[in-house]
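I opened this structure to see how its parts hold together. My notes follow in the order I took them.

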Amino acid sequence: MRGYRYEALDGVRALAAQVVLVSHGLGMAFFPVHSPGAAAAEWFGRLAVMVFFSLSGFVIATSLVRLVAADGARFGVAYAVHRLARIWPPLVLAILVTFAVGWLGQNGLPLLTKTGDPYRLDAVAFLRGITLTFAPGDATFVIDRALWSLRQEVYLYAVAAFAALAYVARGARRLLGGLAVLGLVALTADRFFYLQSLALFSAGAAAALLGGQARLRALAAAPWLGPALLALLAAPLLFVGHPGFIDAMSDGSLFLAYQALLGIPVALYLLGLASADGPAARGFSRWSSAAGFSYTLYVIHVPVMTLVFSLRAHLGLAQGLAGTLATLVAALVVAEAASYAAARAVERPRAFRRVLFRLLTAAGLARAPLRPAPSS
């Protein structure tokens, strides 16, 4: 696991966030539900999320190894602080933005949400939003639908932590870790995309943990891997004209298995980017600076763009195709600008981590933090 470079992986994260943004924008601007265009946009968005899962597995595995090396089986506090500092500040902002947009929707501005369902804006719904336990009737679920993947990612963080505990601990703590992993997997086995996200995350983690093996690195650096992966990712586009494509993406057993298996080539490609300095790694590295606001962009772009498109429809502005294009560009620009500005305050995991460690250290619950691990 030594020698990984994360600039290229940061670039992958930044580009994946941009793909999600554009796919959602295109869906809002042009495509009726279940049209071929909507199906293609949904697939590109799903691909980006799948890359996020594998990428998170890769980075979380390396982070856990570092934390275990420093604290042994008592890595849990440090791990929780790292994850909380990374996830929670932008999430709280996203829920605040969602509730502000939702308030407008209940006070004179009809919101163009995907389902058009009514939603709750009370304190309970807010608490469920910032803890990712939101229910179908909450504003978070209806307005900021992109958070489904973040909820699954947090679940994967817990699975990874308990798996690490089962590996490094002894006696009852090892048993507890193993039982927790089995319990979490069993609990979510029949829920939306959890098994697929677990497979993608696990593939990324395995690539990181086993990446020191010469044969695996040689496979990750093979010149045919990139074209083969691109073909595998693009193959489902041949079927976007089928009326059941979007539903099969989440309900079709064969399609779901295909998405899970894509984790293997995706994880190998990520390993190649992190362990070699080829043209692809250098290309992705050029986007690494945009990773600094990619998470904030991901969690707030849907309510922001929903507001822009809803205002256009309510005010009767920018009619026709040219108006739709202009609205799409405006929505993308506003989402990018708002995310960039907000991230300067909320997407600062190292700063929040220092504050949390100081509080825990003062309370006698933790020691001073170790050298920061790669963020995810």
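**Entry 1**

I began with aspartate 138, which counts as buried because its relative accessibility is 0%. I use "buried" for under 20% relative accessible area, "exposed" for over 50% and "partly exposed" for values in between, with a 1.4 Å probe and protein chains only. This is a predicted model, where local features need pLDDT of at least 70 and side-chain atom pairs count only at pLDDT 80 or more, while totals for chains, interfaces and linings use all residues. Residues are numbered from 1 along each chain as its sequence is written, and side-chain values use heavy atoms, with hydrogens and water left out.

Next I looked for a partner. Aspartate 138 and arginine 128 form a salt bridge through their side chains, at 2.8 Å from N to O. Aspartate 138 sits in the loop between helix 4 and helix 5 and arginine 128 in helix 4, so the bridge ties together parts 10 residues apart in sequence. A salt bridge here is a side-chain nitrogen of Lys or Arg within 4 Å of a carboxyl oxygen of Asp or Glu. Helices are DSSP runs of H or I with at least four residues, numbered from the N terminus. Arginine 128 has 21% relative accessibility, so I noted it as partly exposed.

I stayed in this region. Leucine 132 is in the loop between helix 4 (123-130) and helix 5 (139-143). Its phi is positive, about 60°, although leucine 132 is not a glycine. Is leucine 132 buried or exposed? Leucine 132 counts as buried, because its relative accessibility is 8%.

Then I moved to threonine 140 in helix 5. Threonine 140 is buried, because its relative accessibility is 0%. Which residues does threonine 140 contact, leaving aside neighbours within four places in sequence? I listed Ile95, Thr98, Phe99, Gly129, Phe134, Arg145 and Leu147. Contact means heavy atoms within 4.5 Å.

I checked the total. By the same rule, the count is 5 salt bridges.

One of them joins arginine 13 to aspartate 10, with the closest N and O atoms 2.7 Å apart. Both belong to helix 1, and being 3 residues apart they are separated by about one helical turn. Arginine 13 is buried, at 6% relative accessible area. Aspartate 10 is partly exposed, at 22% relative accessibility.

I also looked up glutamate 347 and arginine 86, whose side chains form a salt bridge at 3.3 Å, N to O. Glutamate 347 lies in the loop between helix 16 and helix 17 (349-362) and arginine 86 in helix 3 (residues 76-105), so this pair ties together parts that are 261 residues apart in sequence. Glutamate 347 and arginine 86 are both buried.

**Entry 1: helix 1 and helix 16**

Two packed helices are described by the angle between their axes and the distance between the axes. I took helix 1 (residues 7-29) and helix 16 (residues 320-346), whose axes come within 10 Å and cross at roughly 145°. Axes are lines fitted to C-alpha atoms, for helices over the stretch in contact, and angles run from 0 to 180 degrees between N-to-C directions. The crossing of helix 1 and helix 16 is right-handed. A crossing is right-handed if the near helix is turned clockwise from the far one by less than a right angle, and left-handed if anticlockwise.

From helix 1, the contact uses Gln18, Leu21, Val22, Gly25, Leu26 and Ala29. From helix 16, I wrote down Thr324, Leu328, Leu332, Ala335 and Glu336.

Valine 329 also lies in helix 16. Valine 329 is partly exposed, at 48% relative accessibility.

Alanine 318 has a positive phi near 50° and is a residue other than glycine. Alanine 318 counts as partly exposed, at 34% relative accessibility.

**Entry 2: helix 2 and helix 6**

My last pair was helix 2 (residues 36-71) and helix 6 (residues 147-168), with axes that come within 10 Å and cross at roughly 30°. Helix 2 passes helix 6 in a right-handed crossing. Among the contact residues I noted Phe53 and Ile60 of helix 2, and Trp148 and Tyr157 of helix 6.

How values were computed. Helices (H or I, at least four residues) and strands (E, at least two) are DSSP runs, numbered from the N terminus.
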